[in-house]
Amino acid sequence: MTAGRPGTGGADAGFTKSEMMIVAAARELAGQRVCFVGVGLPNIAVNLAKRTVAPEMELVYEAGVFGARPARLPLSIGDPTIVTGATAVTSMWELFAYYLQGGLIDVGFLGAAQIDRFGNINTTVIGDYTRPKTRLPGSGGACEIAINARQIFVIMRQSARSFVDRIDFRTSPGNLGGAEKSERIRREQGWLGRGPSVVVTDLGIWHFDETGEMRLDFLHPGATLDEVRATLGWAPHVSASLAPTPAPTEEELRLIRDELDPEGMYTK
Amino acid sequence: MSGSKVASMRDAIATLVCDGDTVAIEGFTHLISFAAGHEIIRQRRRDLVLARMTPDLIYDQMVAAGVARRLIFSWLGNPGVGGLNAIRRVTEGADASLELEEYSHFGMVARYTAGAANLPFMPLRSYFESDLPRVNPLIRPIASPYGDGTVYAVPPLKPDVTVIHAQRADAAGNTQVWGLLGCQKEAAFAARRVIVVVEELVDEAVIRADPNRTIVPGIVVDAVVVEPWGAHPSYVQGRYDRDNRFYRDWDPISRDPAATDAWLREWVYDLDGRAAYAEKLGQERLDSLRPSGSAPSGAVDYGEYR
């Protein structure tokens, strides 16, 4: 592993691994029109994108807001700042039935506790469902977002406990057992969603290849392939043209540190 | 105007919430009636089935106080902070004792909507290839009667009692809300009994001047309780902000059963109601939660037609 303090992007990098992850996730949103914003890390990534690569993007929050313009980055995604100045505030029935299930969402941006190589997500339990080792929050809106948003982005830190060969519970479907099955089931059952397209971690950026499995395309500054392999429960597909993720710019770091997360809630 | 439904919180809970009831205190992050939850704890109700999309700290406190037998929910956490520790203590490991009935957000909203509309189920395009129907047999696949595929169905949820908090209502229970609307309208229409808790009691004329803002009409309301600060530490759009400090403070308190009991004693059992709670919070804390500025809506003209 490259020298450097734990949690940093390498010696003298001048930014943390969390900051690199958030910046990389925000950049993936360039060109997207409508984004459904999940709780936690997706919230800061999407709000950074809105201030950089995707100023026209509509932010949708499950609490019932379309076209949010949050003036601060809240602890909870049900904060009053997502209401003031928004395009529309709706009942949650309208939000889920008309906006999401009706097909208006281009990107659903989710976090996860566990993910497998095909992008299937667990946010429900660690261990057996009836006697869990750890009880996690559950689906929230993730299950229907995974099915109805046109594509799914995921942001989460990589670890051997979270990137696993078999997830303990499938809360939200990804590419199921592979691309062939996923495409057949989505077609037969009329899902609007094409499934996961990107997973951004604190080590790199994964896209999904023709087999439906995630493939490492970018490695963040300071991260190594050994580190990537040590934090995965399977042997990863690595792009033949693996490239370094461009480091955060001064402006991206300023937005995170001064405007979006001055208390370090998301970037610690 | 006749038929005032204005009641004290003590009387409303005493007469409308019974042991064994299914109780929904709804409000998505916004407008959560902590005041009603605390009164239910004080009156020591037992064996309740607690329904709520996001149990939040209020159900963590109610479970810690021993009022609940079962939880119906879709997201179980303290947003941005972590888990609900009192609930985790009774849902993890071999000694798990609290019954869980789990949906997705859309599934919960669909259940209330079916309940409000008196339908036998609500179809939705969720749950395909998810493990949720495997662990909750009430989520069932159903073929379209028109031959175009399969969807999932969830059953109606008809609470014995729904409690909602609102900015204002008149004495008859006509209730107006702005800001996040959550599923309060659906949960209220689905319920057998409804308690509305408000920051402000207003004249009927105030309601009639802006009928688009009415989410629940008095005809489905059984009691109107006037309880300023009744949603703290959640928030009321335009009146007070979410007290994120409390949401963070609850994490270490709730990790320790003795600290949790001590908190319940100090802030619930030893107080006689919300006014005492607000006084105990103190003016400085309350003032710190006021919005940083004003953002009034533009007025609309409904017109007069004679």
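Of the 268 residues in chain A, 57% are buried, a residue being called buried if 20 or more other C-beta atoms, placed from the backbone, lie within 10 Å of its own, exposed if 12 or fewer do, and partly exposed in between. The model is a predicted one, in which local features need pLDDT of at least 70 and side-chain atom pairs count only at pLDDT 80 or more, while totals for chains, interfaces and linings use all residues. Residues are numbered from 1 along each chain as its sequence is written, and chains are lettered from A and ligands numbered from 1 in the order in which they are written.

Chain A has seven helices and 14 strands, where helices (H or I, at least four residues) and strands (E, at least two) are DSSP runs numbered from the N terminus. Its radius of gyration is 18 Å, close to the 18 Å of the globule rule for 268 residues, so chain A is as compact as a globular protein of that length; the radius is taken over C-alpha atoms, and the rule is 2.2 Å times the number of residues to the power 0.38. The C-alpha trace of chain A spans about 50 × 45 × 40 Å along its principal axes.

Within helix α3 of chain A lies A:Glu94, which is partly exposed because 17 other C-beta atoms lie within 10 Å. The C-alpha atoms of A:Glu94 and A:Gly64 are separated by 7.7 Å, although these residues are 30 residues apart along the chain.

Turning to the interface, the contact between the chains takes 44 residues from chain A and 46 residues from chain B, two residues being in contact if their C-beta atoms, placed from the backbone, lie within 7 Å. On the side of chain A that touches chain B, α3 (92-100), β9 (132-135), α4 (142-148) and α5 (179-189) each supply at least two residues. That side has 21 nonpolar, 16 polar and seven charged residues.

In chain B, the axes of helix α2 (residues 34-42) and helix α10 (residues 257-269) come within 10 Å and cross at roughly 105°, which makes α2(B) roughly perpendicular to α10(B), a term for angles of 65 to 115 degrees. Here B:His38, B:Ile41 and B:Arg42 of α2(B) meet B:Leu264, B:Val268 and B:Tyr269 of α10(B), and the residues of this contact divide into four nonpolar, one polar and one charged; Ala, Val, Leu, Ile, Met, Phe, Trp, Tyr, Cys and Pro count as nonpolar, Asp, Glu, Lys and Arg as charged, and the others, Gly among them, as polar.

How values were computed. Axes are lines fitted to C-alpha atoms, for helices over the stretch in contact, and angles run from 0 to 180 degrees between N-to-C directions. Angles under 35 degrees count as roughly parallel, over 145 as roughly antiparallel, 65 to 115 as roughly perpendicular and the rest as oblique.
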